[in-house]
Amino acid sequence: MRDLSHPIADGMTVYPGDPAVHLSPALELDRDGAAVTALELGSHTGTHVDAPAHTVADGRTMAEVALDELVGDALVFHLEGVADHATYGLDELAAALPGGVLPDALPPIAVIDTGWWRWFGDGRALRHPSLDPAAATELVARGVHVLAVDTLSPDPTDASGTTSFPVHDVLLGGDHLIVENVAGLEGLPLRVRVGFFPLRLGVDGAPVRAVAFDG
């Protein structure tokens, strides 16, 4: 089993405008007989899932997302040489597959490895590539329910964040799910079973422990 999550740490990178992450001792072992850490963080901290309610009025919250939606067979796209701020689409996704052909029927989970997970915590994280919304529409049409990316967002990000979320509109607007900031994707097989296990929060998203299963 491989962990595909960024660790949650004090002061870690967050999406521009999101709450900062603070971890501090609430109880201490020597003083109180037990150690307890106080957590202050947003619902979209680190490796996390976006529920439809994140961008859709009256969309489903995490309380309404079943765990079996977040566990299943995945197709992994390892993209090569993606540039800062680049937009990748169906051509780039197909080129990452044997024979350069995107199957007509896709598994329920698509994992996109741009290599940008390596830049999490670095200023370059904001210059991540993004998915063409037309490609997102086609992925959904071919059976994808969960889109997992190794970037802050499948949509472009700048230092002030953004108010335009066309890929979110495609996925979340269609009652599908997005997982962001997936990590450690190097060498992951083309076909793999993955799981994203969120905190049980009845809100717009939640941090997840993301794993790829052996075999």
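A nonpolar core, as used here, is a set of buried Ala, Val, Leu, Ile, Met, Phe, Trp, Tyr and Cys residues joined through side-chain atoms within 4.5 Å. Buried means under 20% relative accessible area, exposed means over 50%, and partly exposed is in between (1.4 Å probe, protein chains only). What you have above is a predicted model, where local features need pLDDT of at least 70 and side-chain atom pairs count only at pLDDT 80 or more, while totals for chains, interfaces and linings use all residues. Residues are numbered from 1 along each chain as its sequence is written, and side-chain values use heavy atoms, with hydrogens and water left out.

Let's start with the whole chain. The protein has 4 helices and 12 strands; these are DSSP runs numbered from the N terminus, with helices being H or I of at least four residues and strands E of at least two. A compact globule of 215 residues would have a radius of gyration near 17 Å, and the protein agrees, with 17 Å. That radius is taken over C-alpha atoms, and the globule rule is 2.2 Å times the number of residues to the power 0.38. Of the 215 residues, 46% count as buried.

Now go inside. The largest nonpolar core has 26 residues, and Leu70, Val179 and Phe196 have the most contacts inside it. Strands 5, 7, 9, 10, 11 and 12 each give two or more residues to this core, with strand 12 giving the most, at 4 residues. Valine 179 is a handy place to look around: leaving aside neighbours within four places in sequence, its contacts include Val146, Val149, Phe196 and Val208. Contact here means heavy atoms within 4.5 Å. There is also a second, separate core of 23 residues, and Leu79, Val144, Leu147 and Leu171 are among them.

Histidine 168 is found in helix 4 (residues 166-171). Not counting residues up to four places away in sequence, histidine 168 touches several residues, including Asp50, His54, Asp155 and Glu180.

Next, the charged pairs. Side chains of opposite charge can pair when their charged atoms come close. A salt bridge is counted when a side-chain nitrogen of Lys or Arg is within 4 Å of a carboxyl oxygen of Asp or Glu, and the count comes to 10 salt bridges. In one of them, arginine 209 pairs with aspartate 3, with the closest N and O atoms 2.6 Å apart. Arginine 209 lies in strand 12 and aspartate 3 in strand 1, so this pair ties together parts that are 206 residues apart in sequence. Arginine 60 and aspartate 175 also meet in a salt bridge, at 2.9 Å from N to O. Arginine 60 counts as buried at 17% relative accessibility, whereas aspartate 175 counts as partly exposed at 34%. Another pair, aspartate 84 and arginine 124, has its closest N and O atoms 2.7 Å apart. Shared partners join Arg60, Glu69 and Asp175 into one salt-bridge network.

Ile8, Leu39 and Leu41 make a nonpolar surface patch of about 260 Å². Patches are made of residues with over 30% relative accessible area and no salt bridge, with like charges joined within 9 Å and nonpolar side chains (Val, Leu, Ile, Met, Phe, Trp, Tyr) within 5 Å. Accessible areas come from the Shrake-Rupley method with a 1.4 Å probe, and for residues only the protein chains shown count as cover. Leucine 39 is in strand 3 and counts as exposed, at 58% relative accessibility.
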